[in-house]
Amino acid sequence: MNRLVDEFPHLIAHSVSHTTRASRPNEIDGRDYHFVDDAMMQAIIRSGQLLEYMTFVGNTYATTKSTVDDILKSGKICLLTVDINGCDVIRKTYKGAKLVFIMPPSKND
């Protein structure tokens with residue numbers, strides 16, 4: 001995904017998600033994720049700004065509709081990192097969206 005954005009910055013943009021997860025070494029707030037605490041995430045959820053959100057291993061990940069809309073208004077292809085449930089929400093919200101689901105390898109692969 002990063003390679004696509006790096007090679008085609010005039011065509012493709014990545015939607016930066018919000019997360020309650022702590023940042024990892026070399027991650028930058030606003031580039032890799034918008035790092036927020038639980039209280040802020042709950043406020044964002046209550047505000048109705050989210051396109052989709054999920055909790056995974058105790059951390060919440062979320063996509064704001066405004067972030068996606070801003071990318072689409074710029075004329076770029078919007079790349080999102082979401083699970084299969086997020087794909088369903090996106091399909092319902094953005095009629096005609098083209099979705100590509102990449103299944104990560106299993107531990108047995």
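Predicted model: local features only at pLDDT ≥ 70, side-chain atom pairs only at ≥ 80, totals over all residues.
Residues are numbered from 1 along each chain as its sequence is written, and side-chain values use heavy atoms, with hydrogens and water left out. Local features require pLDDT of at least 70 and side-chain atom pairs count only at pLDDT 80 or more, whereas totals for chains, interfaces and linings use all residues.

The largest pocket has a volume of about 940 Å³. Among its 23 lining residues, L79, L80, T81, V100 and F101 are the closest to the centre. A pocket is here an open set of points on a 1 Å grid over the protein atoms alone where a 1.4 Å probe fits, with protein on both sides within 12 Å along at least five of seven lines; lining residues have an atom within 4 Å of a point. Volume is the space filled by probe spheres set on the points, which are joined across faces, edges and corners. At least two lining residues come from each of helix 3 (65-73), strand 6 (77-79) and helix 4 (84-93), and strand 6 gives the most, with three residues. Helices (H or I, at least four residues) and strands (E, at least two) are DSSP runs numbered from the N terminus. By class, the lining of the largest pocket comprises 20 nonpolar, one polar and two charged residues; Ala, Val, Leu, Ile, Met, Phe, Trp, Tyr, Cys and Pro count as nonpolar, Asp, Glu, Lys and Arg as charged, and the others, Gly among them, as polar.

The second largest pocket has a volume of about 590 Å³. Of the 20 residues lining the second largest pocket, S17, Y33, Y61, T81 and V82 are the closest to its centre. Helix 1 (2-7), strand 4 (50-56) and strand 5 (59-64) each contribute at least two residues to this lining, which divides into eight nonpolar, five polar and seven charged residues.

F8 is placed in the loop between helix 1 and strand 1 (12-14) and is partly exposed, at 33% relative accessibility; buried means under 20% relative accessible area, exposed over 50%, and partly exposed in between.

Five salt bridges are found in the whole structure, each defined as a side-chain nitrogen of Lys or Arg within 4 Å of a carboxyl oxygen of Asp or Glu. One of them joins E7 and R3 (2.7 Å, N to O), which both lie in helix 1, four residues apart, about one turn of the helix. E7 is partly exposed at 46%, whereas R3 is exposed at 63%. In the salt bridge of R31 with D32, the closest N and O atoms are 2.8 Å apart. K65 and D69 also form a salt bridge (3.1 Å, N to O); because K65 and D69 are four residues apart in helix 3, about one helical turn separates them.

M103, in the segment after helix 4, is exposed at 63% relative accessibility. The C-alpha atoms of M103 and D83 are separated by 9.5 Å.

Notes:
Buried < 20%, exposed > 50% of the residue type's maximum accessible area, 1.4 Å probe, protein only.
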